[in-house]
Amino acid sequence: MSSTKRILHALIMGAPGSGKGTVSERIVQSFDMLHISSGDILRNMIREKTDFGLQVNKFVSNGQLVPDELMLKTIGGELNRLSSANCSWLLDGFPRTKPQALSLFKIAPVQVVISLDVPFDIIINRVKGQ
């Protein structure tokens, strides 16, 4: 009997401080998936001072969301790179807008969406470090 690895593309969504990173770590360990964190990608680009990183930093340093077009280029590029690896992945922190979601589904269909529903007062305490 041959064993075929099933490729799964999934999203995890939730408010900042809802525990996406923590839950993602557990999921990727249990299900042999790559964790793709849009926040980590953006922070790395800013730290490495890439062309995209310099553009992204203009928005982030002013407390703004990175525009859809720039996010799509960034995440789309990462997903296109992974498509040749034929692997399962869990995308964390993207999409954040409807246009991003519609574009994502054209790039890479997603089979599973996990939405973390955490009470607001717990999120506030986590963000405050309590």
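S18 lies in the loop between β1 and α1 (20-31); helices (H or I, at least four residues) and strands (E, at least two) are DSSP runs, numbered from the N terminus. This is a predicted model, in which local features need pLDDT of at least 70 and side-chain atom pairs count only at pLDDT 80 or more, while totals for chains, interfaces and linings use all residues. Residues are numbered from 1 along each chain as its sequence is written, and side-chain values use heavy atoms, with hydrogens and water left out.

With a relative accessible area of 5%, S18 is buried. Buried means under 20% relative accessible area, exposed over 50%, and partly exposed in between (1.4 Å probe, protein chains only). The side chain of S18 reaches the backbone oxygen of A15 at 2.7 Å. Not counting residues up to four places away in sequence, S18 touches L116, V118, I123 and R126, where contact means heavy atoms within 4.5 Å.

The nonpolar interior comes next. A nonpolar core is a set of buried Ala, Val, Leu, Ile, Met, Phe, Trp, Tyr and Cys residues joined through side-chain atoms within 4.5 Å. The largest such core has 19 residues, and those with the most contacts inside it are I36, I75, L79, W89, L91 and L104. At least two residues of this core come from each of α2 (38-48), α4 (68-83) and β3 (89-92). The most is given by α4, with 5 residues. A second, separate core of 9 residues includes I12, V28, L116 and I123.

Leaving aside its neighbours within four places in sequence, I36 is in contact with I41, E78, L79, L82, W89, L90, L91 and D92.

|---|---|---|
| α2 | S38, G39, I41, L42 and M45 | R47 and E48 |
| α5 (residues 98-107) | Q100, A101 and L104 | K98 and K106 |

The buried residues of α2 pack against β2 (34-37), α3 (51-60), α4 and β3. What covers the buried residues of α5 includes β1 (9-13), α4 and β3. Just after α2, K49 takes a positive phi of about 55°.

Note on methods: A polar contact is a pair of N or O atoms within 3.5 Å; within protein, one must be able to donate a hydrogen and the other to accept it, and residues adjacent in sequence count only if both atoms are side-chain atoms.
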